[in-house]
Amino acid sequence: MREDTRTRIQQIALELFIEKGYEATSLREISEQLGVTKAALYYHFKTKDDIVLSLIEERVAELDKLLEWAQSRPKDAGTRRELVERYADQLYTGRHSKVMHFLERNQTSLRGHPTTRGIKERMIALVEQLSEPDEPHAVRLRRAMALFTLHAGLFLAENRELSPQERQDAALEVALDLVER
């Protein structure tokens, strides 16, 4: 039961942070939206930063799993392809796409925020798994852009009449083209 409440708080907070912005959302609004007292909310999270930290920690844990998998594999074309596919699945399913929307829409509020460093570090490590250090810079850049293409697919196509699966498929097609070229 405790975990359900915690998860629901995260979901509501994430929706409000995306809709209204991190700075403009108060704990009072989150508790009202949940239909609980602020004291009940405080039992799980003392501050908005605590909520953000919990969301980021989940995202970092997923990235860590992907990194661990990639680091156990040879750096070859098959691994690169599967890494991009796995990253797309993570990014486009569950709460991860909303967390990325939150981060994208609240960049100013979160600039330099300690919780975002973990994601940046993992992204750099993932990019490093796509190429060997001695490969030409253009090749390394193209492969790095494959991951960011998946992010672009989330944000650039959101106002079009595409299903989430159609957006993922299109972004994955372009990302795989970049990583395999």
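Is F17 buried or exposed? F17 counts as buried, because its relative accessibility is 0%. The model is predicted. Searching the whole structure turns up three aromatic pairs. F17 takes part in a ring cluster together with Y22 and F102.

**Ring pairs of F17**
- A pair of aromatic rings is described by the distance of the centres and the angle of the planes.
- F17 pairs with Y22: the ring centres are 5.2 Å apart and the planes meet at 65 degrees, so the geometry is edge-to-face. The cut-off for that label is over 60 degrees.
- F17 also pairs with F102, and here the arrangement is tilted. The centres of F17 and F102 lie 5.4 Å apart, with 35 degrees between the planes.

**Place in the chain**
- The pair of F17 and F102 links distant parts of the chain.
- F17 belongs to helix 1 (residues 2-20), while F102 belongs to helix 6 (residues 96-105).
- The two residues, F17 and F102, are 85 residues apart.

**Burial**
- Y22 has a relative accessible area of 7%, so Y22 is buried. The cut-off for buried is under 20%.
- F102 is buried, and so is F17.

**Charges over rings**
- K48 lies over the face of Y22, 4.5 Å from the ring centre. Y22 therefore has a ring partner in F17 and a lysine, K48, over its face.
- R86 places its charged end over the ring of W69. The distance to the centre of the W69 ring is 4.0 Å.

How values were computed: Residues are numbered from 1 along each chain as its sequence is written. This is a predicted model: local features need pLDDT of at least 70, side-chain atom pairs count only at pLDDT 80 or more; totals for chains, interfaces and linings use all residues. Side-chain values use heavy atoms; hydrogens and water are left out. Rings of Phe, Tyr and Trp (its six-membered ring) pair if their centres lie within 6.5 Å; planes under 30 degrees apart count as stacked, over 60 as edge-to-face and the rest as tilted. Buried means under 20% relative accessible area, exposed over 50%, partly exposed in between (1.4 Å probe, protein chains only). Helices (H or I, at least four residues) and strands (E, at least two) are DSSP runs, numbered from the N terminus. A charge sits over a ring if NZ of Lys or CZ of Arg is within 6 Å of the ring centre and within 35 degrees of the ring normal.
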